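Try each task with the model open, then read the solution under it.

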Amino acid sequence: MMENNNNTSGGLFGGISGMGSSNNLQGLSPYLNIDTSYLQSSPEYLFDQETKRGKMEKSFSAIGTAVCIGAGLGGAHGLYDGVRQTALADLSGKLRRTQIMNYTLKGGASVGNALGTVAVLYSLTHCLISLTVYEEDDEPKSLVSGAVTGAIFKSTAGWKRCLRGAGIGLGLASFWAYGFNRNETVQSYL
């Protein structure tokens, strides 16, 4: 394999000169032909482990998850609706396949965008409330954020639908804050 002679120049790699000569090749790995003393034993990371992520930064994964889940659910409903509508219209061949694809993509995009918008609104209102009101309890902030999110999301549809949206947002936020969020396995992901 390797011979221990005095004519070999050292460095990171056995045959590359310029990094100084090494007469002792004992630390050289016989399999990789590199000097293991140059390798660091402690791992290096690109970010500081001691810093904590902010509230809005933590919500990016929830926003992306909401968009992906909405796109999947909307696409599944669009596929079902597309197959049903094209069967009722007696379409066949390429025209039917194109219509089914259009229904699927339109359903996925619209529901994904709607759930993504709701997730962004909820995250922004929760972060703004957290900046203005300092409390250890997240439940009241979550309830207010849910109600405001539902009201803003349905604000263009009139007062009745705006109030209904606020009620639905409050109900979903209370289910999240007092039911689902208290689960131990869910807490480990937040």
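**Exercise 1: α3 and α4**

In this predicted model, α3 and α4 pack with their axes 6 Å apart, at an angle of about 150°.

Task: Work out how α3 is oriented relative to α4, then find the residues that touch.

Solution: 
- Start with the cut-off: angles over 145 degrees count as roughly antiparallel. That makes α3 roughly antiparallel to α4.
- Next, the handedness: α3 and α4 cross in a right-handed way.
- Now go to the contact itself. From α3 come E139, S142, L143, G146, A147, G150 and A151. From α4 come C162, G165, A166, G169, L170, A173, S174, W176, A177 and Y178.
- Finally, sort the contact residues of α3 and α4 by class: 10 are nonpolar, 6 polar and 1 charged.

**Exercise 2: α2 and α3**

Task: Take the angle between α2 and α3, which is about 135°, and decide what to call their arrangement.

Solution: 
- The axes of α2 and α3 lie 8 Å apart.
- As for handedness, α2 passes α3 in a right-handed crossing.
- On the α2 side, the contact uses A114, T117, V118, L121, Y122, T125, H126, I129 and S130. On the α3 side, it uses K141, S142, V144, S145, G146, V148, T149, I152 and F153.
- By class, this contact of α2 with α3 has 9 nonpolar, 8 polar and 1 charged residues.

**Exercise 3: α1 and α2**

Task: Do the orientation step again for α1 and α2, then give the classes of their contact residues.

Solution: 
- α1 and α2 pack at about 155°, and their axes are 6 Å apart.
- That angle makes α1 roughly antiparallel to α2.
- The crossing of α1 past α2 is right-handed.
- The contact of α1 with α2 splits into 17 nonpolar, 17 polar and 3 charged residues.

**Exercise 4: the largest pocket**

Task: Describe the largest pocket: its volume, the residues closest to its centre and the elements that line it.

Solution: 
- The volume of the largest pocket is about 2000 Å³.
- It is lined by 50 residues, and A62, Y122, S123, S142 and W176 are the closest to its centre.
- The elements giving two or more residues to this lining are α1 (55-88), α2 (94-132), α3 (139-153), α4 (159-180) and α5 (184-187).
- Which element gives the most to the lining of the largest pocket? α4 does, with 11 residues.
- To finish, the lining of the largest pocket divides into 22 nonpolar, 15 polar and 13 charged residues.

How values were computed
Residues are numbered from 1 along each chain as its sequence is written. This is a predicted model: local features need pLDDT of at least 70, side-chain atom pairs count only at pLDDT 80 or more; totals for chains, interfaces and linings use all residues. Side-chain values use heavy atoms; hydrogens and water are left out. On a 1 Å grid over the protein atoms alone, a cavity is a set of points where a 1.4 Å probe fits but cannot get out, and a pocket is an open set with protein on both sides within 12 Å along at least five of seven lines; lining residues have an atom within 4 Å of a point. Grid points are joined across faces, edges and corners, and a volume is the space filled by probe spheres set on the points. Helices (H or I, at least four residues) and strands (E, at least two) are DSSP runs, numbered from the N terminus. Ala, Val, Leu, Ile, Met, Phe, Trp, Tyr, Cys and Pro count as nonpolar, Asp, Glu, Lys and Arg as charged, and the others, Gly among them, as polar. Axes are lines fitted to C-alpha atoms, for helices over the stretch in contact, and angles run from 0 to 180 degrees between N-to-C directions. Angles under 35 degrees count as roughly parallel, over 145 as roughly antiparallel, 65 to 115 as roughly perpendicular and the rest as oblique. A crossing is left-handed if the near helix is turned anticlockwise from the far one by less than a right angle, and right-handed if clockwise. Contact means heavy atoms within 4.5 Å.
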